[in-house]
Amino acid sequence: MITQKEKQLGSLFAKIAAVGIAANFAVGIFLIGPDNVGYNATFGPLQSVINFAVGFSWLGILMYAAKICDAENNPYFRLVSNGLFVMTAFNLMNAFVGPAYETAQNTLMSTSEIVDIYGANWVVWNVFFGLYALVFLRSAGKDLLPKWGVTFGTIVGYTLSWFPIVLAFITPPDIVGLILGLGVGVISYPIFVFSISKAFDNA
């Protein structure tokens, strides 16, 4: 049974995560620029702060969503949710790897190389998030989410649950990456996360 305070926190965390995701894309596109590759010493620290806020919010979302989805009686949801929680906590520890390595002025590897190494595990995180979106919808989401939340959640779930694995082995045409990057990453993903706040409000 979820308490009123937990519902409020879950809703707040979902809103923070959605805004943070959108803000991170905005920083990357408008401040850093899509043509710039690697760690950006000027705006990298800002992205690290945003990533920390988003990661911390996800821990709260996962913890409290388990209650509105009756995770205790839903073993598959519990498996996916717990797996995503552990991965998110691990990624959260790496939120400030870029600025920390840059400040230390290490010369063994570049900051961009370090960030790329730690960022490689996002492939599996994305797959688990795709699975989480699907099991969330099947567990309680369709009853608690607005229709647009179900629509965007379905897009995110069915895309992320398999496409990142494909990317690990092949490089798709640029147009495919652009369509999926904008359609799923920039639009569908933050909108679905925001809709989770409505699920908490309706629980």
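This report covers the helices, aromatic pairs, salt bridge and nonpolar core of a predicted model.

## Helix α3

Helix α3 runs over residues 75-93. It has 19 residues, so at 1.5 Å a residue it should span 27 Å. Its end C-alpha atoms lie 27 Å apart, in agreement with that figure.

Several α3 residues are buried: Phe77, Val80, Ser81, Gly83, Leu84, Thr88, Asn91 and Leu92. Phe77 also belongs to an aromatic cluster. Thr88 is touched by Trp58.

## Aromatic pairs

The structure holds 14 aromatic pairs. One of them joins Phe13 and Phe56. Their ring centres are 6.0 Å apart and their planes meet at 75°; over 60 degrees counts as edge-to-face, so this pair is edge-to-face. Phe13 sits in helix α1 (residues 4-32) and Phe56 in helix α2 (residues 44-68). The two residues are 43 apart, and the pair links distant parts of the chain. Phe13 has a relative accessible area of 14% and is buried. Phe56, at 44%, is partly exposed.

Phe129 and Tyr189 form another pair. Here the ring centres are 5.1 Å apart and the planes are at 70°, so this pair is edge-to-face too. Phe129 lies in helix α6 (residues 122-144), and Tyr189 lies in helix α9 (residues 174-202). The pair therefore ties together parts 60 residues apart in sequence. Both Phe129 and Tyr189 are buried.

## Aromatic cluster and nonpolar core

One aromatic cluster takes in Trp58, Phe77, Trp125, Phe129, Tyr132, Phe136, Tyr189 and Phe192. Several of these names return in the largest nonpolar core, which has 42 residues. Trp58, Phe129, Tyr132, Phe136 and Phe192 have the most contacts inside that core. The elements giving two or more residues to it are α1, α2, α3, α6, α7 (147-160) and α9. In soluble globular proteins, nonpolar side chains tend to be buried together.

What does Trp58 touch, not counting residues up to four places away in sequence? Its partners are Thr88, Trp125, Phe129, Tyr132, Tyr189, Val193 and Ile196.

## The salt bridge

A search of the whole structure finds 1 salt bridge. It joins the side chains of Lys67 and Glu6, with 2.7 Å from N to O. Lys67 lies in helix α2 and Glu6 in helix α1, so the bridge ties together parts 61 residues apart in sequence.

Lys67 is partly exposed, at 37% relative accessibility. Glu6 is buried, at 15%.

## Ser188 in helix α9

Ser188 is placed in helix α9. Its relative accessibility is 2%, so Ser188 counts as buried. A polar atom of the Ser188 side chain lies 2.6 Å from the backbone oxygen of Gly183.

Leaving aside neighbours within four places in sequence, Ser188 contacts Phe152, Ile155, Val156 and Gly183.

## Ile114 in helix α5

Ile114 belongs to helix α5 (residues 111-119). Is Ile114 buried or exposed? At 11% relative accessibility, it counts as buried.

Beyond residues up to four places away in sequence, Ile114 touches Val97, Tyr101 and Met109. Tyr101 is 13 residues from Ile114 along the chain, and their C-alpha atoms are separated by 7.9 Å.

Terms used:
Residues are numbered from 1 along each chain as its sequence is written. This is a predicted model: local features need pLDDT of at least 70, side-chain atom pairs count only at pLDDT 80 or more; totals for chains, interfaces and linings use all residues. Side-chain values use heavy atoms; hydrogens and water are left out. Helices (H or I, at least four residues) and strands (E, at least two) are DSSP runs, numbered from the N terminus. The expected span of a helix is 1.5 Å times one less than its number of residues. Buried means under 20% relative accessible area, exposed over 50%, partly exposed in between (1.4 Å probe, protein chains only). Rings of Phe, Tyr and Trp (its six-membered ring) pair if their centres lie within 6.5 Å; planes under 30 degrees apart count as stacked, over 60 as edge-to-face and the rest as tilted. A salt bridge is a side-chain nitrogen of Lys or Arg within 4 Å of a carboxyl oxygen of Asp or Glu. A polar contact is a pair of N or O atoms within 3.5 Å; within protein, one must be able to donate a hydrogen and the other to accept it, and residues adjacent in sequence count only if both atoms are side-chain atoms. Contact means heavy atoms within 4.5 Å. A nonpolar core is a set of buried Ala, Val, Leu, Ile, Met, Phe, Trp, Tyr and Cys residues joined through side-chain atoms within 4.5 Å.
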